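Please prepare a briefing on the structure shown below, grouped by topic and with the cut-offs behind each term.

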Amino acid sequence: MLLSNSVTITDIEAAQRRLLGIAHQTPVITSSTVNELTQSQVFFKCENFQRTGAFKFRGAYNALVQLSVEQKIKGVITYSSGNHGQAIALAGKLLNIPTIVVMPDDAPIVKQTATRGYGAEVILYNRETTNREELTKNLAAERQLTLIPPYDHPHVIAGQGTTALELIQEVGQLDYLLVCCGGGGLISGCAVTTKALLPNCKIIGVEPELADDATRSFYTKTLQTVHNPQTIADGVRTPSLGKITFPLVLQYVDDMVTVSEAAIIRTMFFIWERLKIVVEPTGVIAAAALLEGVVKAPAARIGVIISGGNVDLAQVSQLLEAT
């Protein structure tokens with residue numbers, strides 16, 4: 001099955017139609033406190049309320065639903081630190097497709113448990129000694145499975161782009177859109193959407209300082225990598241942008257910035273306390289750039305993607321001590 005590497009607004013609109021009635025149309029919330037702090041009008045697109053607790057379900061379902069009958073019967077495999085794995089598992093359950101998820105053995109237990117709960121076979125590996133991409137490709141070949149990577153796949157990217165499409169359809173004009181960045185699937189899809197509908201809107205990607213490969217790639221125009229970054233934001237511990245996402249980031253994203261681990265933790269607890277929603281460290285990376293003053297845009301309309309809410313509550317006491 002040949003796939004075009006280009007992703008367009010037409011692909012994203014088609015993905016939205018496929019997801020209609022399947023994925024949740026997640027809420028957009030505002031906060032007068034946040035507006036006062038930033039001197040802006042801020043709109044949080046809350047993908048922590050998406051199925052499986054993160055935006056990943058959009059891309060996973062959009063990819064799996066387009067597989068051939070033969071591919072669906074044989075099953076799919078992916079690698080994931082958690083959120084994409086859960087999304088593939090649930091999409092497979094809904095579509096009656098067998099799923100296997102290769103996960104690091106230090107992935108949050110809450111994510112491992114949920115992935116199994118949705119019906120996937122989970123294969124654990126040691127991230128220090130094993131290359132997950134090689135392991136997954138070998139398993140795919142042995143078992144004749146279709147590999148659905150977590151971000152570097154046009155159907156996955158198109159599905160993620162529906163996040164921004166919903167946001168813009170609901171709130172209209174935006175001056176800025178802030179999106180977290182790991183492998184680049186979410187920011188690529190959201191940037192394609194936004195530039196098609198709001199060409200003057202500035203797209204800003206946000207990474208942890210400890211996992212700044214995409215930011216370095218953006219500024220050097222050369223693909224940079226990072227090895228097992230020790231960031232609290234487990235959802236963006238990706239080694240690099242992908243072959244598809246890197247060109248899309250260079251084409252459509254206006255800037256990339258980074259935030260500290262302390263800023264991520266402070267922002268997570270601030271959002272818990274003031275917005276009254278549960279979010280995970282990865283989920284607040286984009287918000288951290290705004291609330292910590294890394295991005296300043298007074299008197300602007302700013303969209304912020306809250307990417308997920310699968311926090312490991314067992315780690316909360318450790319996070320509190322780190323603040």
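**Briefing: pockets, cavities and sheets**

By class, the lining of the second largest pocket has four nonpolar, five polar and four charged residues, where Ala, Val, Leu, Ile, Met, Phe, Trp, Tyr, Cys and Pro count as nonpolar, Asp, Glu, Lys and Arg as charged, and the others, Gly among them, as polar. The model is predicted, so that local features need pLDDT of at least 70 and side-chain atom pairs count only at pLDDT 80 or more, while totals for chains, interfaces and linings use all residues. Residues are numbered from 1 along each chain as its sequence is written, and side-chain values use heavy atoms, with hydrogens and water left out.

**Second largest pocket**
- This pocket holds about 240 Å³ of space; on a 1 Å grid over the protein atoms alone, a pocket is an open set of points with protein on both sides within 12 Å along at least five of seven lines, a cavity is a set where a 1.4 Å probe fits but cannot get out, and lining residues have an atom within 4 Å of a point.
- Its lining comprises 13 residues, and R132, E133, H227, N228 and P239 are the closest to its centre.
- At least three lining residues come from each of domain 1 (9-53 + 154-322) and domain 2 (57-147), with bounds taken from an automatic or database domain assignment.

**Cavities**
- Two cavities of 30 Å³ or more are counted, a volume being the space filled by probe spheres set on grid points that are joined across faces, edges and corners.
- The largest cavity, with a volume of about 330 Å³, is lined by 35 residues, of which F55, K56, G235, V236 and T238 lie nearest its centre.
- Helix 5 (83-95) and helix 9 (185-197) are the elements that give two or more residues to the lining of the largest cavity, and helix 9 gives the most, with three residues.
- The lining of the largest cavity has 12 nonpolar, 16 polar and seven charged residues, and domain 1 and domain 2 each supply at least three residues to that lining.
- The second largest cavity, of about 50 Å³, is lined by P108, I232, D234, P281, N310, V311, D312 and Q315, which divide into four nonpolar, two polar and two charged.

**Sheets**
- Six strands form an open sheet in the order 1-2-10-7-8-9 with mixed pairing; strands (E, at least two residues) and helices (H or I, at least four) are DSSP runs numbered from the N terminus, and two strands pair if DSSP finds at least two bridges between them.
- Strand 1 (28-29) and strand 9 (255-259) each have a single partner strand and stand at the edges, so one side of each is left without a neighbour in the sheet.
- Strand 2 (residues 41-46) and strand 10 (residues 301-306) run parallel and are joined by six bridges, with I306 in strand 10 as the bridge partner of C46.
- A further open sheet has four strands in the order 5-4-3-6, with parallel pairing, and its edges are strand 5 (121-125) and strand 6 (146-147), each with a single partner strand, so one side of each lacks a neighbour in the sheet.
- Four bridges join strand 3 (residues 76-79) to strand 4 (residues 99-104), which run parallel, and T78 has V101 in strand 4 as its bridge partner.

**Salt bridges**
- The structure holds 12 salt bridges, each a side-chain nitrogen of Lys or Arg within 4 Å of a carboxyl oxygen of Asp or Glu.
- One of the salt bridges joins E70 and K74, whose closest N and O atoms are 3.1 Å apart; because E70 and K74 are four residues apart in helix 4 (residues 69-74), about one helical turn separates them.
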